[in-house]
Amino acid sequence: MGFLLTDEQREFGRSLDALLTAAGTPAVLRAWAAGDHGPGRALWGRLADAGVFALAVPEAYGGVGPLPVEAAVACVELGRHAVPGPVAETLAAVALLAGAGWPVAEEWLPRIASGTAVVSLALEGYGPYALDADAADAVFTVTGDELRLAPGPGELSASADPARRLFRPEPGGAPVAKGPAIRAAARAAGDAATFATAALALGCGEELLRATVAYVKQRTQFGVPVGSFQAVKHRLADTLLGLEFARPLVFGAAVKLAEATPETGAGTGAGGGPTGAGTGTAGGPPEAGTGAGGGPTGVGPGPAVAAAKVAAGEAGYAAARTALQAHGAIGYTEELDLAWWLRRGPPLRDAWGTPSACRARVLAG
Amino acid sequence: MDLDRTARTEALRAEARAWLRDHVPARPLPSLETEEGFAAHRRWEAELYGGGWSVVSWPREHGGRGADLFGWLAFEEEYWAAGAPGRVSQNGISLLAPTLLAHGTAGQRARVLEPMASGEVIWAQAWSEPEAGSDLAALRSRAVRTEGGWLLSGQKTWSSRAAFADRAFGIFRTDPGAAKPHQGLTYLMFGLRDPGVTVRPIGRLDGKPAFAEIFLDEVFVPDEDVIGEPGQGWRIAMSATGDERGLTLRSPGRFLAAADRLRALWRDVGDPADTALRDRVADAVIGARAYQLFTAASAARFAAGATLGPESSLNKVFWSDYDIGLHETALDLLGPDAELADTAWAEGYVFALAGPVYAGTNEIQRDIIAERLLGLPRGRR
């Protein structure tokens with residue numbers, strides 16, 4: 001096969017792209033930013049029907065995963081369309097809950113897979129905010145080796161991207177799972193969030209570049225399209241370069257995550273084995289979904305995920321800067337739908353691992 | 001999607017690793033940009049050839065192993081990880097040989113390839129001229145028909161290692177009346193010590209005679225040393241500059257090894273509090289991995305029958321800018337010792353500086369990326 005997407009994986013991406021193009025995300029984003037989650041939740045339902053969340057959830061919990069390559073394909077498309085909502089957070093929660101095991105996994109994972117639950121979370125080491133907590137059916141927090149369900153979304157802090165709504169989850173809440181497996185599950189969840197954010201940033205950057213190329217072809221000054229000027233061309237070429245070299249790192253991380261997933265990860269009755277996660281309760285919770293550090297090769301996926309995040313976060317951000325510059329004054333306004341993408345580049349660069357934190361992680365690996 | 005390697009690739013890798021472990025010189029050879037170093041590197045080419053490792057991707061009949069692209073990539077990873085010497089025959093192997101395999105006659109392949117593989121004949125390229133750099137089609141050196149061949153006159157320049165090499169290849173104007181500049185050109189080969197050839201070494205920035213200019217005064221080239229049809233030189237030359245060559249000009253293995261050395265240097269002498277420098281080391285590690293994976297994807301597409309074409313411009317801009325950044329980081333880590341001329345890092349830095357200039361400047365490559373990959377309109381350069 002080699003390092004190429006299969007025809008099915010490409011078709012999956014194309015079908016999501018078509019679905020989201022037809023749905024028209026800018027109107028959904030405007031509603032979401034105003035606190036009206038209706039259109040956004042309806043869109044999430046359709047994405048769930050297309051399999052986006054089930055592909056992260058292990059079979060034992062009603063999913064078909066974990067399938068990191070397909071997850072990356074999906075996140076690139078969701079990023080391309082700036083889909084609102086806690087995408088990376090929900091995918092991270094899948095890793096967290098799968099690692100925590102029964103009963104919390106049993107309660108939430110089937111609902112995430114089917115799209116009836118949207119979940120957010122906050123993890124130690126990644127900042128205090130739970131994205132879009134007010135739109136979520138559950139907000140999880142981890143402190144040490146305790147997993148809690150937050151009693152409420154907490155207070156809203158305005159984000160520079162109005163369609164990203166930040167909340168500090170209300171403290172407390174009853175522990176829903178506890179033990180050393182929670183620490184490992186939180187690490188896996190952090191990797192899953194970092195990985196998903198990298199893919200979202202890549203998709204966001206690709207859309208910014210596409211829109212900008214289209215713009216500079218039709219915008220004329222001095223009697224010619226501004227896209228015929230070498231200074232403009234070279235900046236756009238560099239933007240493509242950044243994205244094209246981030247892409248293989250994102251999919252390389254997907255392959256690492258897939259390798260780190262035990263063969264039986266989606267399987268049956270692995271609980272109680274040496275790497276069995278969760279509370280140790282008999283009855284077969286599967287192993288930690290995304291391999292909590294240490295695949296068959298001995299090196300966990302962490303450094304590969306961090307490398308992908310650095311490259312995709314920087315490339316997506318650079319695409320936003322290029323898009324703003326090449327659009328000129330109109331790019332500095334809310335007049336264009338482009339603003340939804342322009343404002344997403346910076347937060348995706350820093351969320352779930354800043355460039356510097358991820359670079360440190362690459363060298364530590 | 002996977003990064004699995006075939007048993008065939010891994011067998012080649014293991015065999016290469018074992019051979020290199022026993023044969024790579026314990027101490028680095030003198031710089032291949034000097035006469036002494038050139039000779040030492042020629043001997044190394046012969047040793048490589050003796051082991052069957054000088055041209056792994058060539059057909060067996062010409063001294064290769066018939067390795068596919070994945071085998072070549074694995075060999076390169078092992079080669080550079082082993083700290084083996086630079087390849088003095090690189091220009092012949094990566095430019096002339098693919099051209100001969102695609103467009104040459106059986107006689108030319110039989111005559112040229114094996115001595116190239118063994119290092120017996122080392123080839124220089126003769127493309128650029130004083131008035132034809134990025135605008136290569138503006139070249140003026142001409143070949144005039146004579147009995148049984150052609151007479152070359154004119155001047156070529158920036159010819160890497162021509163001061164020490166044996167033969168050269170390039171394109172020459174054979175039809176001055178052609179309608180367009182890139183028509184009426186012919187691809188041919190000549191000897192650097194043939195009558196009428198004068199080679200003048202040019203010191204590069206560090207003073208080493210790494211390249212030369214070549215003056216040609218009615219140099220006779222027999223018909224058997226014309227590659228392809230006369231007048232088709234541009235098409236033939238360009239076919240060797242895109243596609244597979246985009247993948248094989250600089251292998252990821254080279255940069256993976258360099259990034260590993262940089263990381264080791266960082267561990268040895270880096271100040272943990274200097275996070276700015278640490279981040280640049282991390283970027284070198286990330287970039288090498290990105291280039292390896294980008295190449296793996298290109299190789300997989302190529303193996304599946306796709307053409308790569310203008311993608312090779314992405315590749316070239318990436319590695320050439322990357323190589324400079326990596327060496328700048330190493331020099332900054334060395335601090336006061338960065339200024340020393342004869343360290344491997346200093347030599348690598350000077351070598352890297354040429355990357356964005358040769359093989360099509362990065363400005364030309366960015367034009368290609370913008371026009372052919374992004375579809376932006378052509379404009380004035």
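First, the ground rules. Residues are numbered from 1 along each chain as its sequence is written, and chains are lettered from A and ligands numbered from 1 in the order in which they are written. Because the model is predicted, local features need pLDDT of at least 70 and side-chain atom pairs count only at pLDDT 80 or more, while totals for chains, interfaces and linings use all residues; side-chain values use heavy atoms, with hydrogens and water left out.

Let me begin with chain B as a whole. Its secondary structure comes to 12 helices and eight strands. Helices (H or I, at least four residues) and strands (E, at least two) are DSSP runs, numbered from the N terminus. The radius of gyration of chain B is 21 Å, close to the 21 Å that the globule rule gives for 381 residues, so chain B is as compact as a globular protein of that length. That radius is taken over C-alpha atoms, and the globule rule is 2.2 Å times the number of residues to the power 0.38. Along the principal axes, the C-alpha atoms of chain B fill a box of roughly 70 × 50 × 45 Å.

How much of chain B is buried? Of its 381 residues, 54% count as buried. Buried means under 20% relative accessible area, exposed means over 50%, and partly exposed is in between (1.4 Å probe, protein chains only). The accessible surface of chain B comes to about 16,500 Å², and 52% of that belongs to carbon and sulfur atoms. Those areas come from the Shrake-Rupley method with a 1.4 Å probe; for residues, only the protein chains shown count as cover. Among contacts in chain B with a separation of 6 or more, 72% are between residues 24 or more positions apart. Contact means heavy atoms within 4.5 Å.

Now the annotated regions. In an unreviewed entry, UniProt places "domain: Acyl-CoA dehydrogenase/oxidase N-terminal" at residues 7-120 of chain B. Over that stretch the chain is 65% helix and 0% strand, with the end C-alpha atoms 33 Å apart. UniProt also lists, again from an unreviewed entry, "domain: Acyl-CoA oxidase/dehydrogenase middle" at residues 124-217 of chain B. Over residues 124-217 the chain is 0% helix and 50% strand, and the end C-alpha atoms are 18 Å apart. UniProt positions are given in the numbering used here, feature names are shortened, and annotations may be inferred rather than shown by experiment.

Next, one helix of chain B. Helix H5 (residues 106-118) has 13 residues and reaches 19 Å from its first C-alpha to its last, close to the 18 Å expected at 1.5 Å a residue. The expected span is 1.5 Å times one less than the number of residues. Buried residues of H5(B) include Val112(B), Leu113(B) and Met116(B). What covers the buried residues of H5(B)? The cover includes helix H2 (35-51), helix H4 (90-103) and strand E1 (123-126) of chain B. Just after H5(B), Gly119(B) takes a positive phi of about 85 degrees.

Ile324(B) is buried, with a relative accessible area of 14%. Leaving aside neighbours within four places in sequence, Ile324(B) is in contact with Ala352(B), Leu353(B) and Pro356(B).

On to the strands of chain B. Strands of a sheet pair through backbone hydrogen bonds, either parallel or antiparallel. Two strands count as paired if DSSP finds at least two bridges between them. Strand E3 (residues 149-160) and strand E7 (residues 211-222) of chain B pair in the antiparallel sense over 10 bridges. Gly154(B) has Leu216(B) in E7(B) as its bridge partner. Strand E6 (residues 197-202) of chain B also pairs with E7(B), in the antiparallel sense over six bridges, and there Val199(B) has Ile214(B) as its bridge partner.

Last, chain A. Strand E3 (residues 138-143) of chain A is mostly covered, with five of its six residues buried. Strand E1 (residues 119-122) of chain A pairs with E3(A) in the parallel sense over four bridges, and Leu121(A) stands opposite Phe140(A). E3(A) is also joined by four bridges to strand E4 (residues 146-149) of chain A, running antiparallel. Two residues lie between the strands of this hairpin, where Gly144(A) takes a positive phi near 60 degrees.
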